Amino acid sequence: MQLTTVGKEVFRGARKARELQEAGAGDPTVQERSRKLKQVEALRKHGVSWPEIQELVGISRATYYRWRKRLKEEGLAGLKPRSRRPKRLRKRVYWTPDLLIRVETLRKENPTWGRWPIWLTLRKEGFAVSERAVGRILAHLEARGRVESVAAFLGRARRGEVKRKTRRPYAQRKPRGYEVKHPGDLVQVDTLTVTLGPGETIRH
């Protein structure tokens, strides 16, 4: 009686199965992408145009060539989904409580100020911060509802929801239909507002 050793074939098959598993042969996404590549190749042989292929298979021409290149260079492992996380992440900057509070205070005191006048004021006060950082801080405060955006404030002002804190010291509007009784009783003066800097405005 002759005996045949099948150990080598068993080990070879097991090794091949392990390689396929590591390559992602059992991954549903890999299987789906491999199937779509075969579908595109079959349609191309029959002269189907790319717009029709994209509509039938659901992948673009660029995606097909990208997948085919990965499959050729890396095997089935090249069809695995790749992380979209950027390779270089910007380190998160932690702002000091003093800086956050000061930016919040300046915006509340001056609701129409953007990042530039706030940044200029902070620089004069000795804060070492960039203009872009001030913009990020404002976005952080607005997202958490700690301050109101300039657009929202101006929108409320146009609707008349913003009340003036003090009466205008430089002019008083007379009621409609006011009758002049003597010369100089009613005078109209046009003024020009000049901004010299953050918190420095004059009326000319």
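This is a predicted model: local features need pLDDT of at least 70, side-chain atom pairs count only at pLDDT 80 or more; totals for chains, interfaces and linings use all residues.

Visitor: Let us begin with helix packing. How do the axes of helix H2 and helix H3 lie to each other?

Guide: Helix H2 covers residues 28-45 and helix H3 covers residues 50-57; their axes come within 11 Å and cross at roughly 145°. The crossing of H2 past H3 is right-handed.

Visitor: Which residues of H2 and H3 meet?

Guide: From H2 there are Lys36, Gln39, Val40, Leu43 and Arg44, and from H3 there are Trp50, Ile53, Leu56 and Val57. Sorted by class, this contact of H2 with H3 has six nonpolar, one polar and two charged residues.

Visitor: At what angle do helix H6 and helix H7 pack?

Guide: H6 (residues 115-124) and H7 (residues 131-143) pack at about 115°, and their axes are 9 Å apart. H6 passes H7 in a crossing that is right-handed. On the H6 side the contact is made by Arg115, Trp116, Ile118, Trp119 and Leu122, and on the H7 side by Glu131, Arg132, Val134, Gly135 and Leu138. The classes here are six nonpolar, one polar and three charged residues.

Visitor: Now the rings. What describes a pair of aromatic rings?

Guide: The distance of the centres and the angle of the planes describe such a pair. The structure holds three aromatic pairs. In one of them, Trp50 and Tyr65 have ring centres 6.1 Å apart and planes at 45°, so this pair is tilted. Trp50 sits in helix H3 and Tyr65 in helix H4 (residues 61-74), so the pair links distant parts of the chain, 15 residues apart.

Visitor: Why is the pair of Tyr64 and Tyr65 called edge-to-face?

Guide: Planes over 60 degrees apart count as edge-to-face. The planes of Tyr64 and Tyr65 are at 70°, with the ring centres 5.1 Å apart, so the pair is edge-to-face. Through ring pairs, Trp50, Tyr64 and Tyr65 form a cluster.

Visitor: How accessible are Trp50, Tyr64 and Tyr65?

Guide: Trp50 is buried at 18% relative accessible area, and Tyr64 is buried at 1%. Tyr65, at 30% relative accessibility, counts as partly exposed.

Methods:
Residues are numbered from 1 along each chain as its sequence is written. Side-chain values use heavy atoms; hydrogens and water are left out. Axes are lines fitted to C-alpha atoms, for helices over the stretch in contact, and angles run from 0 to 180 degrees between N-to-C directions. Helices (H or I, at least four residues) and strands (E, at least two) are DSSP runs, numbered from the N terminus. A crossing is left-handed if the near helix is turned anticlockwise from the far one by less than a right angle, and right-handed if clockwise. Contact means heavy atoms within 4.5 Å. Ala, Val, Leu, Ile, Met, Phe, Trp, Tyr, Cys and Pro count as nonpolar, Asp, Glu, Lys and Arg as charged, and the others, Gly among them, as polar. Rings of Phe, Tyr and Trp (its six-membered ring) pair if their centres lie within 6.5 Å; planes under 30 degrees apart count as stacked, over 60 as edge-to-face and the rest as tilted. Buried means under 20% relative accessible area, exposed over 50%, partly exposed in between (1.4 Å probe, protein chains only).
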